[in-house]
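Work through the exercises below with the sequence and the model open. Each task is followed by its solution.

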Amino acid sequence: MNPQASSANSAGRILLASLIGTTIEFFDFYIYATAAVLVFPKLFFHSSDPTSATLESLATFALAFFARPLGAALFGHFGDRKGRKATLVAALMTMGPSTVAIGLLPGYDSIGIFAPLLLALFRFGQGLGLGGEWGGAVLLATENAPANKKAWYGMFPQLGAPIGFLLSSATFYILGKVMSDQDFINFGWRIPFIASAVLILLGLYVRLKITETPEFTKVIDNNERSKVPFADVFTRHTKAITLGTLATITTFLLFYLMTVFTLSWGTSKLNFSKNNFLVMQMISMLAFGAGIPLSAVVADRFGRNRMLILASACIMVFGLVFAPFFSSHDRVVTTLFLSTGMFLMGLTYGPIGTALAEIFPASVRYTGASLAFTLAGILGASLTPYLATKLANSYGLQYVGYYLTAAATLTLLALIMARKIMATQHS
């Protein structure tokens with residue numbers, strides 16, 4: 001442990017608090033993503049054309065990514081001014097109630113146009129909370145980590161992504177097995193949204209038991225707190241925020257291609273059943289989970305920048321074989337395709353949190369890391385399911401792969417330009 005850490009912050013407590021929060025947040029986020037494909041087009045959008053309804057539903061999915069930078073700026077401000085602990089609790093309490101509210105929302109047939117409007121509002125709340133959650137969880141881990149295990153500690157919040165996805169997919173899979181499609185549409189889809197309240201209470205209990213990180217305590221002791229962290233990030237750390245954002249784009253784009261887009265395409269064009277495809281996606285999450293700790297070990301030994309460059313180069317190649325790899329109704333081939341993509345996702349996702357945290361000083365780190373991550377979400381993920389669907393339908397599936405390769409090329413160039421600042425660790 002960092003010798004400056006409070007004795008109350010044991011390694012196990014820190015890592016559990018950082019992991020459980022992001023698991024809850026990503027569970028909430030992913031149940032929306034799944035429902036946006038399987039349920040919301042039928043329930044909340046009044047359209048005779050199924051494709052149009054799906055695109056409208058995916059547009060609300062994108063809305064959260066535009067809310068996330070606002071959450072990053074808002075919660076980042078308080079995280080850098082008041083502390084990591086209190087801000088993490090507030091972020092959890094913003095996203096959680098928004099998720100429960102979606103589960104209680106009547107459909108279009110009951111309240112008309114207010115159904116999609118309220119859905120968009122609550123989706124905005126989800127994004128706002130997640131914008132403040134991720135950065136705080138990463139800092140909770142990395143600011144308590146030994147110098148030689150920064151990436152290892154920093155990958156624990158990242159594990160919340162595959163765990164949260166597995167929980168959400170497993171929940172929808174079980175519901176699909178125990179009830180009819182009509183019952184699932186009528187009320188079954190609401191269960192995971194409402195049940196997330198239990199996870200929120202658990203997350204609050206764990207987080208209220210932790211103490212402030214030693215690095216932020218040092219900032220307070222040295223009177224180094226920024227008056228306006230948001231302004232300082234863009235005026236004094238312009239290179240860091242720009243390159244950090246570009247270096248993270250492919251992380252988002254790859255994930256939402258491999259989850260939301262493939263679920264939609266696989267069930268509508270390749271004729272997989274919803275449950276069969278969810279099982280294949282759950283298997284691929286194991287590959288995702290395996291890639292995260294592997295990349296963290298390599299990043300601690302050889303550097304965050306080198307690990308991310310290697311992952312981006314592999315993703316460039318994967319994009320070129322995307323279409324032929326994802327054109328079969330064969331379950332084994334499709335599972336291998338999904339697992340390969342998600343393993344590469346793990347390689348880029350594992351070290352990215354630590355890498356972003358290290359390029360900003362502690363006085364603006366919450367704001368800087370959160371903004372870089374969430375701005376990358378807008379560029380790399382907000383419209384990805386929508387654009388990929390349009391590209392595939394208009395020009396063919398191979399153009400979805402070209403889209404991924406182009407993004408990975410941009411990320412690779414940003415990482416090469418960021419070598420110097422990623423090699424410099426701010427204290």
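**Exercise 1.** Decide whether Asn271 is buried or exposed, then describe its backbone.

Solution. Asn271 has 58% relative accessibility, so it counts as exposed; the cut-offs are under 20% relative accessible area for buried, over 50% for exposed and partly exposed in between (1.4 Å probe, protein chains only). Finally, read phi of Asn271: near 65°, a positive value in a residue other than glycine.

This is a predicted model, in which local features need pLDDT of at least 70 and side-chain atom pairs pLDDT 80 or more, while totals for chains, interfaces and linings use all residues. Residues are numbered from 1 along each chain as its sequence is written, and side-chain values use heavy atoms, without hydrogens and water.

**Exercise 2.** Repeat the steps for Asn223.

Solution. Asn223 is exposed, because its relative accessible area is 70%. Asn223 sits in the loop between α10 (214-221) and α11 (229-236). Its phi is near 55°, again positive in a residue other than glycine.

**Exercise 3.** Describe the surroundings of Thr334.

Solution. Start with the helix: Thr334 belongs to α16 (residues 331-358). Thr334 counts as buried because its relative accessibility is 0%. Then list contacts (heavy atoms within 4.5 Å): leaving out residues up to four places away in sequence, Thr334 touches Phe272, Phe277, Met280, Phe326 and Ser328. With Ser328, the Thr334 side chain reaches the backbone oxygen at 3.1 Å.

Technical notes: Helix = DSSP H or I, 4+ residues; strand = E, 2+ residues; numbered from the N terminus. Polar contact = N/O pair within 3.5 Å; in protein donor to acceptor, adjacent residues only side chain to side chain.
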